[in-house]
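Good morning, and thank you for joining.

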Amino acid sequence: MCRLAIIGGTGLTRLAPLKITRREVVHTPYGEPSGPLTHGLLNGVEVVFLPRHGYAHRIPPHMVNYRANIWALHYLGVERIIAVAAVGGISKGMFPGRIAFPDQIIDYTWGRAHTFFEKDLTEVRHVDFSQPYCEDMRRVLINAAGRAGIDAMNHGVYGATQGPRLETAAEIDRLERDGCDMVGMTGMPEAVLARELELNYVTCAISANWAAGRGDAEITMDEIQHNLAQGMKTVAQLLEEVVILLNG
Ligand code: HPA
């Protein structure tokens, strides 16, 4: 039974230190996940890996089948999810390359299938989402970063936008006024779907660029990819430390 899953974001379609043991195709009542689920060993510990945008990175943020992904992980017996996600940095601490463990979310997405609780209900369900991330898992990430000597921001508000376009500078000004420290396109509904299935979900965000209007130049995919390539090495190091803590 594999209890920890890692959802990879942009820049993390494969997890270098993972020793792959097998791949598993899971069909769900909500359609197909982003790809087969990869089972493997990270530092000798069983984990499941799923790249959110598919192994070929072809599924844009608004087309990800978030329900199928989360349902498939739940079906496999996963109890904890670490969601790796590229973000644009809004607040000063979120410079490109920096890692953050957000503690709050504001959802600006629209039109996404965002709940499991809509059909065949015996009663209407409203999940408590006051604290959208699992605090125990956030503590594990914070401790793991400390042990690995990784400089990370230990809190922050994640603003989830619809994409796939990047934001306007005025939209980022508005997100900043709302209190967002970072902006990304995949944080919702992933986090709430995990909550609905009672999975302990946490996000490890990596700043790929300054958000619109915050840097000196146009945001390019080259810049994003370059910063993520660096950041993912740190994330891999962090995850190796996380599994030691979780199994220690
Ligand atoms: N905005 C939204 N999502 C992102 C960004 C951004 O600037 N960078 C990486 N993901």
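Let me begin with a term: a polar contact is a pair of N or O atoms within 3.5 Å; within protein, one must be able to donate a hydrogen and the other to accept it, and residues adjacent in sequence count only if both atoms are side-chain atoms. Here, a ligand nitrogen lies 3.4 Å from a polar backbone atom of Gly88. For Asn209, an N or O atom of the side chain is 2.7 Å from a nitrogen atom of the ligand.

A word on provenance. This is a predicted model, in which local features need pLDDT of at least 70, side-chain atom pairs count only at pLDDT 80 or more, and totals for chains, interfaces and linings use all residues. Residues are numbered from 1 along each chain as its sequence is written, and side-chain values use heavy atoms, with hydrogens and water left out.

What surrounds the ligand? With a heavy atom within 4 Å as the criterion, the shell comprises Ala86, Val87, Gly88, Leu166, Glu167, Val183, Gly184, Met185 and Asn209. Strand 5 gives the most to this shell, with three residues; strands are DSSP runs (E, at least two residues), numbered from the N terminus.

I turn to the second largest pocket. A pocket is an open set of points on a 1 Å grid over the protein atoms alone, where a 1.4 Å probe fits, with protein on both sides within 12 Å along at least five of seven lines; lining residues have an atom within 4 Å of a point. Among the residues lining this second pocket are Tyr108, Trp110, Glu167 and Arg174. Its volume, the space filled by probe spheres set on the points, is about 180 Å³.

Technical notes:
Helix = DSSP H or I, 4+ residues; strand = E, 2+ residues; numbered from the N terminus.
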